[in-house]
Amino acid sequence: GWRASFAPMEQGNGVFLSPDGSMVVAIASNCLVRAFGQATGEVRWTSNPPPGDGSSSCNGGITFNDNADIPYFTYMVNDNVQGTISTRVIMGDIDTGDVLMTSEVLAGSSAGSPQTTLDGRHIMFTHNDGGTGIFSILDTMQDPDMSGMTPIISPIFSESNATEPFSAVGVFHDPNGGNYAGGLSTNRNDIFVWSLATNFDVNNTRPPVGEAGVFGFQFPVDFN
C-alpha cells in the first residue's frame, strides 16, 4: 500500500479511479487536482483551473471520458466575488492534466459533478442561482473563443426552474430506448436525470422539504 498527502477535501470532493485503472485522481475543496499512480502512489501530474475572479472552490468530484478524441476529465469550479457566486466547467487532459477548455462564466454555484455523453462530445451539468435550478449542456466540438489563454465555450442549451434548485445530474449510457422524440425502441441516446434539491442550502438556511420533482433529458434519435 501507499499513502500520499493532499489538500483538504469537503463533502462532494474525493478520489476517483481513471478509466484504465492506472491512476487515482483526487480533487480538493480548493480545486487542486492531482493524479497518483494507482500501484505505487507516485505523482503523475498536478492541475489547477485557470484563475477566475475572486476566490475559487470546488464542491464536487471528477468525471472521466476516455471515448473522446482526447480523453478528458471534467469538474466544476465556483468563483466567489464579494459574495456573488458563479461557476465554470473545466476540461483537462487525462494523460497530462493540462487544461483543454473551460466553459464561460455561468450564474450560480455548481450542483455536484458534471456528466458526459458516452462519446464525450457533450457535458451535462446543473447549477443553482439562489433558488433557481439550471440544467446546461456544453458541446465540446463547438468552435471556442480563443481570445484568452484558454479556449472557452458557451452552453448550447440551458433550462431553468425558477421555484427550486436542482440536484446533481446522473446519467444512464446507451439505454435500450427512451420516451423522447424517437420512441421506446429506437432512441439509444444517453438519458440524463436530476431532481429538485428541496433541502438545498440557500443563504445558509435549509427550507422545509417541498414537493418532489424528477427531470429527464435525452437527445432526439436523429440528433447529430
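1. Basis. The model is predicted, so local features need pLDDT of at least 70 and side-chain atom pairs pLDDT 80 or more, while totals for chains, interfaces and linings use all residues. Residues are numbered from 1 along each chain as its sequence is written, and side-chain values use heavy atoms, leaving out hydrogens and water.

2. Sheet. Three strands make an open, antiparallel sheet in the order S17-S18-S19. Strands here are DSSP runs (E, at least two residues), numbered from the N terminus, and two of them pair if DSSP finds at least two bridges between them. Strand S17 (170–172) and strand S19 (214–218) are the edges, each pairing on one side only.

3. Strand S18. Residues 191–195 form S18, which is joined to S19 by five bridges in antiparallel fashion. Trp-194 stands opposite Phe-215 in S19.

4. Loop residue. Thr-150 sits in the loop between strand S14 (132–139) and strand S15 (152–153). Thr-150 counts as buried because its relative accessibility is 18%; buried means under 20% relative accessible area, with a 1.4 Å probe and protein chains only. Neighbours within four places in sequence aside, Thr-150 contacts Pro-50, Val-99, Met-101, Thr-102 and Asp-145 (heavy atoms within 4.5 Å).

5. By class, the second largest pocket is lined by seven nonpolar, three polar and three charged residues. Nonpolar covers Ala, Val, Leu, Ile, Met, Phe, Trp, Tyr, Cys and Pro; charged covers Asp, Glu, Lys and Arg; the others, Gly among them, are polar.

Terms used: Helix = DSSP H or I, 4+ residues; strand = E, 2+ residues; numbered from the N terminus. Buried < 20%, exposed > 50% of the residue type's maximum accessible area, 1.4 Å probe, protein only.
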